[in-house]
Amino acid sequence: MRLVKDMARLEDRESVLPWIYRVATNHCLNVLRAARRRGDSLPVDELALAAPEPPDFPTRSLARHVLAQFDLGTQAVAIGVLVDGMEHEELARTLGISRKTVERRLGRFLVAARALVGGGGT
C-alpha cells in the first residue's frame, strides 16, 4: 500500500529500486518485530518457502542457522551483500543507513559466521 500511496516517488527511475527495497525490507522487519512482541514468531526453519528445500542441500539450513544468530539489521546487510549482490553504497541507501554501518555490520557478521561454522579466520 505504501508503494501505491507514494506513487510520485516511482517516477524517479534512478531511486525507485532502492526505495522499493527499503519499503519492503522495513515492512518485513516490522512484521517480524510485531510477531516477536506478540510471542508468535516462527523459527526460520518453520517459515514457508517459495519452493521446497531439497533434502540433500544442507547449506541452506546452515545459512538459516547462522543468520538466526544475528539481529534483523545485520541479517538484512548480510543478505543484501552476500545473497543479492548489492554494493555497499546501494544497500546503505536502500536500508537508510550509512555505508560505514553496512561495512561494520558485514565485517562483524563475517567474523562471527566463520567462527560459528568452524572456519576460524579463513
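In which helix of the protein is confidence lowest, and in which is it highest?

1. Confidence by helix. The structure is a predicted model. Mean confidence is lowest in helix H1, residues 2-5, at 64, and highest in H6, at 93. For the protein as a whole the mean pLDDT is 76, with 66% of the residues reaching 70 or more.

2. A segment to treat with caution. Over residues 45-50 the pLDDT stays under 50, and the model gives this segment four contacts beyond four places in sequence. Where pLDDT is low, predicted coordinates should not be read in detail.

3. Overall composition. The protein contains six helices and zero strands, so that its elements, taken from the N terminus, read α-α-α-α-α-α. Of its 122 residues, 25% are buried. The exposed surface comes to about 8500 Å², of which carbon and sulfur atoms supply 57%. Among contacts between residues at least 6 apart in sequence, 42% join residues at least 24 apart.

4. Helix H4 and its ends. H4 covers residues 72-83, which is 12 residues. From first C-alpha to last it reaches 15 Å, close to the 16 Å expected at 1.5 Å a residue. Just after the helix, Gly85 adopts a positive phi of about 70°.

5. Burial of H4. Why may H4 be described as largely enclosed by the rest of the structure? Nine of its 12 residues are buried, and the helix is therefore largely enclosed. The buried residues are Leu72, Gly73, Thr74, Gln75, Ala76, Val77, Ala78, Gly80 and Val81.

6. Thr74 as an example. This residue of helix H4 has a relative accessible area of 7%; being under the 20% limit, Thr74 counts as buried. Beyond residues up to four places away in sequence, Thr74 touches Arg105 and Phe109.

7. The largest nonpolar core. In soluble globular proteins, nonpolar side chains tend to be buried together. Here the largest nonpolar core has nine residues: Ala76, Val77, Val81, Met86, Leu91, Ala92, Leu95, Val102 and Leu106. Two or more residues of this core come from each of H4, helix H5 (88-95) and helix H6 (99-116). Leu106, a member of the core, is in contact with Val77, Ala78, Val81, Leu82 and His88 when neighbours within four places in sequence are left aside.

8. Another core. Which residues are among the six of the core that lies apart from the largest one? They include Val66, Leu67, Phe109 and Ala113. Ala113 is in helix H6 and is buried, with a relative accessible area of 12%. Although Ala113 and Val66 are 47 residues apart in sequence, their C-alpha atoms are 6.2 Å apart in space. Leaving aside neighbours within four places in sequence, Ala113 is in contact with Val66 and Phe70.

9. Leu116. Apart from neighbours within four places in sequence, Leu116 is in contact with Val66, Gln69 and Phe70. Leu116 and His65 are separated by 51 residues in sequence and by 9.5 Å in space, C-alpha to C-alpha.

How values were computed: Residues are numbered from 1 along each chain as its sequence is written. This is a predicted model: local features need pLDDT of at least 70, side-chain atom pairs count only at pLDDT 80 or more; totals for chains, interfaces and linings use all residues. Side-chain values use heavy atoms; hydrogens and water are left out. Helices (H or I, at least four residues) and strands (E, at least two) are DSSP runs, numbered from the N terminus. Buried means under 20% relative accessible area, exposed over 50%, partly exposed in between (1.4 Å probe, protein chains only). Contact means heavy atoms within 4.5 Å. Accessible areas come from the Shrake-Rupley method with a 1.4 Å probe; for residues, only the protein chains shown count as cover. The expected span of a helix is 1.5 Å times one less than its number of residues. A nonpolar core is a set of buried Ala, Val, Leu, Ile, Met, Phe, Trp, Tyr and Cys residues joined through side-chain atoms within 4.5 Å. pLDDT is the predictor's confidence in each residue, from 0 to 100.
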